[in-house]
Amino acid sequence: MMNFPILTLITFLPLAGACAIFFIKNDKPKELKITALMTTLATFLVSLPVYVLFEPESTMQFMETRSWIPALGVQFKLGLDGISLFMVLLTTFLTPLVVLSSWNSITKNLKGYLISMLMLETGILGVFVSLDLFLFYVFWEVMLIPMCFLIGIWGGERRIYAAVKFFIYTMVGSLLMLVAILVMYFYHGGQTGNYTFDILALQQINIPLGFQTWLFLAFGLSFAIKVPIFPFHTWLPDAHVEAPTGGSVILAGVLLKMGTYGFLRFCLPFFPDAVSQFTPWIFTLGVIGIIYGALVAMVQPDLKKLVAYSSVSHLGFVMLGIFALNTEGLQGGLLQMVNHGLSTGALFLIVGMLYERRHTRLIADFGGLAKKVPVLTAFFMIVTLSSIGLPGLNGFIGEFLILLGTFMTSKAYAVVAATGIILAAVYMLTMFQRVMFGKLDKEENQQMLDLSKREITVLVPILIFIVFIGVYPNVFLKKMEPTVNELIHSVRQKQAQTLMMDEKSLARK
Amino acid sequence: MNDLLTSPINFSVILPVVSLALAGFVVLGVGIFMPKPKRTLLFGISLVGILISSYYTVQLWDQNGSAFGGLVVADNFALTFNLIFLLGAGLCVLMSMNSHERGYLLYTEFFAVLLFATVGMLLMAGSTHLLIMFLGLETLSISLYILAGLKRTEALSLESAFKYFLLGAFSSGFLLYGIAFIYGANGSFDLQKIAVNVASVPLSDNLYMILGGVLIVVGLGFKIAIAPFHMWAPDVYQGAPTPVTAFMATGSKAAGFAALLRVVFSATDGAVPDWTIILWVLAVLTMSVGNLAALGQTNIKRMLAYSSVAHAGYTLVGIVAWNELGASSVIFYLLSYTFMNIGAFAIISMLSTEDGELLEFNDFKGLANHRPLVAVMMALFMFSLAGLPPTAGFVGKFYLFTAAVKAGHIPLVVIAVINSMISLYYYLSVVVVMFMKKSDSDIKGAVFLPTVSLTLALAMLGTLGLGGWPTHFMQQFQDFVGRIM
């Protein structure tokens, strides 16, 4: 069983589905949609055994190694650890829901939409399971193209502007990362004589501090744009507002996590000294992101923009957790990555459902919907509360752990960051109140229909996890703990080594 | 000269050249003796000529033959370039059978001259003697002047031919002058003898060698379209018939690089630092000028012209790296470029109708709605030109940059990467127009003739194949590049 290339299967199953869809005729929308749904569901089902069989250990599991470009030491190497496991599951879990959610809303060129969506899934999964830098980079870039199409073809009014901005922003970051990858490759080769892009091997060497700083900046910029960390976030509101619902869900749910994942997978283990050097900066930018995102969200008249800015705020928390560099913070960050995927994904889905009914996203156009659409209101309520971090729901656990971890590292940042939670309550609850309660005074809202069975099917799975993680997070925390601890241990150890060397050289002087 | 007379003439070595030239003459003969030859006949003869030439090229593999006392060689380096040229020529011949080109192409002249141009390219790659190189270059250039002006009724085409001729003649002068200087400095035209001489005399004492080298770079730089010798490219590319443009952009560039690689690597042994500074500056200038100028273009052929200047710059990065990996990356990149660029031009050609060519970006509006398959293929070629995985363009650039980082040229790679970012914008613009804008009118062209489909299929296969499985080719290239360095 362990020799079965299950990660390859998971990664390329959506691509196979996309190829199948390519050969279905355009005028059979039902067949197209069902094929896409079946493919994504199958991918999810195949990824379930991975979760079950995953041992709570710190090592890479389900490893697959094939030679690809031996002359350069490029391998087709895949593997999963406690960090990537959840990202993979989140992706395979959200994609079928996204396909289901766009059942009726996509009328223009449905085939292209579904193909893009499936190719996007392959790209994202590839990013999370690659254990070879070259392979990682290939997936990292491949995934941009379908996302750019999703925004640019099926998006709103200013879609072209948003798509081009998204594409160029992300590419600017990743091309510099390419140079850094090459520099690391030759440095590692020069030190050990083994020229390889193997991530696990590259993690083993110590890089001089001056070098680390530049490499960290090159890698970090590309991830910071993706997260996005303030002040690199300006592409996000545009992309979110213009993207179709499905695109927004994937963008917020999974794509942003590729940035934080990059920090976890590469920046921490590769450049531990640079990490300690830059931690105050990241903390500061993270906290600015939290407060700034929340303040801007507060004044948004547009629902989607509000949720988009709330993402900036939430991911600020994740960055704090990761760079706190202790078990609580890292676990919290990781869990919050999953939580944000669920809550914000659900928020975008609900905004999309409202949009389908009323063709507007302006908060001022709604009001008093609770009387007309009680089921929708109930779902919206739970998701909103989860996003705020109400105890008993998932958001609370993540944010709490992050603040705990940050508090142990530096109290001041934790205190300021904590106000972000209050601000979140302000903007989310105000928004909820203005949309759902009050007088039902708009003529157009009188006839609004409640959720259909399909829409309920889309939301219920997410809600189950929102509650489940909130009540019993240990199931997840347990699986990620060994990896997280091992990561912290190795980073701390490397930092300590450098410190000792510094002291020695000081003593010698 | 003595060894020329005494050494056996190894005729088999020039069989690829001879068979191609013969095919050219047959085409001409048919044109003379049949008043109205069928173009499929001419097409068939040309294609057969190219295939026979390829067959002989493959036959000579690994034999390291040389003929005429070493004036012409057939080492794997030359043979690989032969295959790239023949591939380019073959794809352009296929492309030229497009319904639209029928209107103005004089097929007899077109096929014959195209074959003669390819003969010139083969000679350039196979020469270890500066005069043979010049002979090849002139055969190629004069043929290209004719090809560029083949659209006799259009002012733009004539202007392009004339411009190309004037500047080309000028640059040939530079090249010849450079060859003369080098002869003066070394007393030989033979690259190997020059190399021996260069190794024994320090370059700083050898003023004529430096002058000669610089002038040769200028002369070849014109053919490759290196900035600041690129001024002709946009006008000529725009005016020439599309299949000719494709041929010029790929084949002629590859031929220039073949000659440059030969001269630079085999004749300047031991003079690494002096050369790299010049090439470093040229590379940076070429990339930046090409990309910045391409940003402002709205005509797709002009955009591709400037982009081809930029690509010459990336390719120079491989030469600057001055190592085996760099030289083999150059070959790999030229091969990739042939596939993706001809693919792009084939689509431009197939979208044209009797009413005119679709050349402005805005003409491509809504292509994805009317002709989804064509749009997807064009997007693939654009992404490959931009250097996105999983295409040949990405792997090619990756190899080039790897070689440069290996040689320690990190600033150069950073500049190259910044240039790639700039280039993204204009390649993406084409994709955006095709996929994200609506058209007002139907697009009439885009008929999948069998020949065009074959061109596109091969171009796509090459673009994706080299992107996914580059190893085999790279290993071959590195293998023989090691021997000429």
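**Entry 1: a serine in chain B.** I started at Ser329(B), which sits in helix α14 (residues 324–351) of chain B. I am working with a predicted model here. Is Ser329(B) buried or exposed? I found a relative accessible area of 0%, so Ser329(B) is buried. Next I looked up its neighbours, leaving out residues up to four places away in sequence: Ser329(B) touches Tyr399(B), Leu400(B), Ala403(B) and Met474(B). For Tyr399(B) I also noted that its backbone oxygen lies 3.4 Å from a polar atom of the Ser329(B) side chain.

**Entry 2: where chain B meets chain A.** I then turned to the two chains together. In contact are 33 residues of chain B and 33 residues of chain A. The area buried between them is about 3,100 Å², and carbon and sulfur atoms give 88% of it. On the chain B side, Phe398(B), Met421(B) and Met436(B) lose the most area to chain A, together 21% of what that side buries. I looked for salt bridges between the chains and the count is 0; for residue pairs in polar contact, both at pLDDT 80 or more, it is 3. Which helix gives the most to the side of chain B that touches chain A? That is α18(B), with 13 residues.

**Entry 3: a hairpin in chain A.** Last, I looked at strand β1 (residues 61–69) of chain A, which pairs with β2(A) in the antiparallel sense over 6 bridges. The two form a hairpin with 4 residues between them, and Gly73(A) in the turn has a positive phi of about 75°. Ser67(A) stands opposite Gln75(A) in β2(A). Of the 7 residues of β2(A), 6 are buried, so this strand is largely enclosed by the rest of the structure.

Conventions: Residues numbered from 1 in each chain as written. Chains lettered and ligands numbered in written order. Predicted model: local features only at pLDDT ≥ 70, side-chain atom pairs only at ≥ 80, totals over all residues. Heavy atoms only, no water. Buried < 20%, exposed > 50% of the residue type's maximum accessible area, 1.4 Å probe, protein only. Polar contact = N/O pair within 3.5 Å; in protein donor to acceptor, adjacent residues only side chain to side chain. Contact = heavy atoms within 4.5 Å. Pairing = 2+ DSSP bridges. Buried area = accessible area lost by both parts, 1.4 Å probe. Salt bridge = Lys/Arg side-chain N within 4 Å of Asp/Glu carboxyl O.
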